[in-house]
Amino acid sequence: MTDFHLAQMNVARLRAPLEDPSVAEFVAGLDLMNELADRSPGFVWRLKEEDVDEATLPGPRDPAVIATMSVWESLEHLRAYVYQSAHLDYLRQRRDWFVPGGSALVLWWVEAGHIPSLREGLKRIHRLSTEGPGPEAFTFRQTFSPRPPAERPELLPARPA
């Protein structure tokens with residue numbers, strides 16, 4: 001069986017532009033939270049601003065929308081970073097910075113070594129919002145175990161007619 005890692009994408013809409021004093025604390029903490037993630041146990045990869053290819057976005061970029069995407073060795077490692085580190089204090093302030101109901105989080109399994117694209121993350125968010133939690137797109141509240149490629153219909157080769 002192939003080893004799997006956990007990918008996550010989080011998208012949220014800011015209450016104000018990044019330059020606005022009301023979100024200054026959020027902006028000030030971005031580098032700290034990224035550095036914390038980078039050195040956390042189980043961390044594999046995260047999307048960095050310089051890696052975003054504007055051509056792959058589904059439309060014009062909205063400066064009010066903030067997105068994070070990362071890959072972790074396991075659900076337990078990501079959960080420890082989110083809920084058992086200094087990130088939790090930062091997370092508790094999200095209502096001060098983001099529009100209520102304007103955010104989405106999705107988790108999904110990737111084969112170890114695979115780096116998800118921004119488009120892949122957006123498709124997973126869409127899948128979660130239209131179909132609800134399932135093995136291909138889920139949340140911390142309802143998790144699923146990874147499935148080998150042979151058990152994932154979207155990865156099966158087409159059958160000859």
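Let me start with the contacts of R13, where contact means heavy atoms within 4.5 Å. Leaving aside neighbours within four places in sequence, R13 touches D62, A64, V65, W97, F98, V99 and G102. R13 belongs to strand 1, residues 4-14; strands here are DSSP runs of E with at least two residues, helices are runs of H or I with at least four, and both are numbered from the N terminus. P100 is 87 residues away from R13 along the chain, yet their C-alpha atoms are separated by 8.5 Å.

A word on the source: this is a predicted model, in which local features need pLDDT of at least 70 and side-chain atom pairs count only at pLDDT 80 or more, while totals for chains, interfaces and linings use all residues. Residues are numbered from 1 along each chain as its sequence is written, and side-chain values use heavy atoms, with hydrogens and water left out.

Next, salt bridges: a side-chain nitrogen of Lys or Arg within 4 Å of a carboxyl oxygen of Asp or Glu. The count by this rule is four. I will go through some of them.

R46 pairs with D38, with the closest N and O atoms 2.7 Å apart. Buried means under 20% relative accessible area, exposed over 50%, and partly exposed in between, using a 1.4 Å probe and protein chains only. R46 is buried at 16%, whereas D38 is partly exposed at 32%.

In the salt bridge of D89 and R92, the closest N and O atoms are 3.5 Å apart. D89 is partly exposed at 47%, and R92 is exposed at 54%.

For E136 and R124, that distance is 3.4 Å.
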